[in-house]
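Subject: Structure handover

Hello,

Please find the structure below, followed by notes on what was found in it.

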Amino acid sequence: MLVASVLYGLLSGAADISPSKIFGLFAFGHLDMDHRILQMIRLPRVLLAALAGACLASCGAVMQGLFRNPLADPSLIGVSSGASVGASCVIFFGGASLIGGGLGLPAIAIGAFVGGLLATSVVYRLATSVSGTSVATMLLAGIAITALSGAVTSLFSFFADNEMLRRISLWQMGNLDGADWSRVAAMALAVIPLILILPREGQALNAMLLGESEARHLGVAVEKLKRRLILLTALGVGVAVAVSGIVAFVGLIVPHLVRLLIGPDHRYLIPGSAILGAALLLLADTLARTLMSPAELPTGVITALLGAPFFVVLLLQQRQKIVG
Amino acid sequence: MLEAQHLSLSISDFSLLQDINLQLKSGVVTAIIGPNGAGKTSLLRLLCGEMKPSSGEAIFNGIPLDQWQPKQLARILGVLPQGSPLNFPFTAREVVMMGRIPHSTGLEKDTEIADAALESVGGSYLDKRPYTQMSGGEKQRVQLARVLAQIWEPDERGDRVLILDEPTSAFDLAHQQLTLNIVKKFAQQRVSVVMVIHDLNLAAACADQLVMLDCGKIAAQGAPEVVLTTALIEKVFNVSASIGVHPNRGSPLVIV
């Protein structure tokens, strides 16, 4: 009951605070122009940031459970870059006609999903053994996949014309500036089912943390669960990458903070991460928009600037644990 | 009752277990003993369905083990592995509550059982302590409590089985004693208990039946007095030992 009420407090707090800040920033005078800006530009962007944040954070929480390792993150272990290759591939071969047409976003999303799925499966196979997941192997596999993806994307950039080049590189920095209602709809279509389904696997994921054979002895259908979760997270990360590029570290920081607040139980961790992830990415995106206003920084740059030092601290903690 | 019928296991032409026949009746404590590499843990894995035998069958309450629904099986068969890779700061109670996952008895009852299980291993004080900050012995006790909570109550699906792989390896003397008492208490409630245990005297003190494995075969099985003989210990463990009698319990006492 205590955990549930803490969660409820977190829920209403996070959802109330962030939107009111955003609205407070831009809704001073009730001019028609302001309203239109709000409706056409700010609102979709805010929603997109929140949805992408919720998606990345809950996928991060699930991946950490799946890998039985608190350092797993879609961007660190190469899933995001795998997804970005898939997406670049579609942008490159699809060409301007496809991107301009209504088919562009779904096509890119599917490309990103396939890329992300491949990357997750490869990393998972490489890094997981009976005795658990090796952090070193997992991160190294991530580096390998990121390097490979980088090379493939560079290849695309080499052959791409100017317009395409700009599109690819901007999008790689992680950007939410193309927000419009169709993107919000695409993101919502992917995220809402994800956020509804994932917490149901919470109990099984908790058992997975005990070890795979332990989970099996508790009656969890482990192989099915793994396949389903890899598929779902690849879908989530793929769509998030398709609409907003690589926004790194959200999936790492957020579940970690939530774990500190309400503990590691996935039944609360996943929804908690979704809520805090939404709030955090929203905040980061607002910073990105306002810091150098009227120019905009890519959102991914902000999250990486915040997230990388955080990651180093976590890594130091882990090392102390292993050494001491 | 859990029954092993002609169980054999070989992995890439290397034979780990050959023709194992066992009957683990309810209310009976069985200890599997034997030197390193004799196949003790492999046998446990076959008995809990974690591995499939190359030939033979494990039969649980009249039904072959691999035909059980995982969730149904989990309600009456609890397994304590040697060590758990749990790397997240769950509290002791949260870990023990995971033992109730296969059941649907409601939060109130589950909490009650989890508390009782934690108390039975002398771990009530660990209640809210994060698992990651516990000592090896404390972790092992919490895991034991989790498995006990899993099979805490009789179930209409049949007799319960408790499988323990070296349950006392990280314990001090007092907790070794406590574990053996818990095992006996569960046996009195018609649970059949199978455990791998290294200390022959502990095995003799609490088991009704000993199974001595040697190179994947059963070298001897039966009451402790039958299995723990100078000749067998010499042959299987390659040490010369004297056998005495425990002054209070009357069970055999192996002196090496």
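**What was found**

Strand β3 (residues 29-33) of chain B is joined to β8(B) by 4 bridges, and the two strands run parallel. Helices (H or I, at least four residues) and strands (E, at least two) are DSSP runs, numbered from the N terminus, and two strands pair if DSSP finds at least two bridges between them. This is a predicted model, in which local features need pLDDT of at least 70 and side-chain atom pairs count only at pLDDT 80 or more, while totals for chains, interfaces and linings use all residues. Residues are numbered from 1 along each chain as its sequence is written, and chains are lettered from A and ligands numbered from 1 in the order in which they are written.

Together with helix α6 (residues 173-188) of chain B, β7(B) and β8(B) form a right-handed β-α-β unit. Right-handed means that, with the strands pointing away from the viewer, the path from the first strand over the helix to the second runs clockwise.

Why is β8(B) largely enclosed by the rest of the structure? 5 of the 5 residues of this strand (residues 192-196) are buried. A residue is buried if 20 or more other C-beta atoms lie within 10 Å of its own, exposed if 12 or fewer, and partly exposed in between, with C-beta atoms placed from the backbone. In a regular strand the side chains alternate between the two faces of the sheet. In β8(B) both faces are covered, with B:Ser192, B:Val194 and B:Val196 buried on one side and B:Val193 and B:Met195 on the other.

Chain B also has an open sheet of 4 strands in the order β2-β1-β4-β5, with antiparallel pairing. β2 (14-24) and β5 (63-64) of chain B are at the edges with a single partner strand each, so one side of each lacks a neighbour in the sheet. Between strand β1 (residues 2-11) and strand β4 (residues 55-60) of chain B there are 5 bridges, and these strands run antiparallel. B:Ala4 has B:Ala58 in β4(B) as its bridge partner.

Now to chain A, which has 13 helices and 2 strands. Of its 324 residues, 51% count as buried.

Helix α8 (residues 202-209) of chain A has 6 of its 8 residues buried, so it is largely enclosed by the rest of the structure. The buried residues include A:Ala204, A:Leu205 and A:Met208. After α8(A) comes A:Gly211, which has a positive phi near 130°.

In α8(A), A:Gly202, A:Gln203, A:Leu205 and A:Asn206 meet A:His266, A:Arg267 and A:Ile270 in α12(A). Two residues are in contact if their C-beta atoms, placed from the backbone, lie within 7 Å.

Finally, the two chains touch: 20 residues of chain A are in contact with 19 residues of chain B. On the chain A side, α8 and α9 (212-217) are the elements that give two or more residues.

Regards
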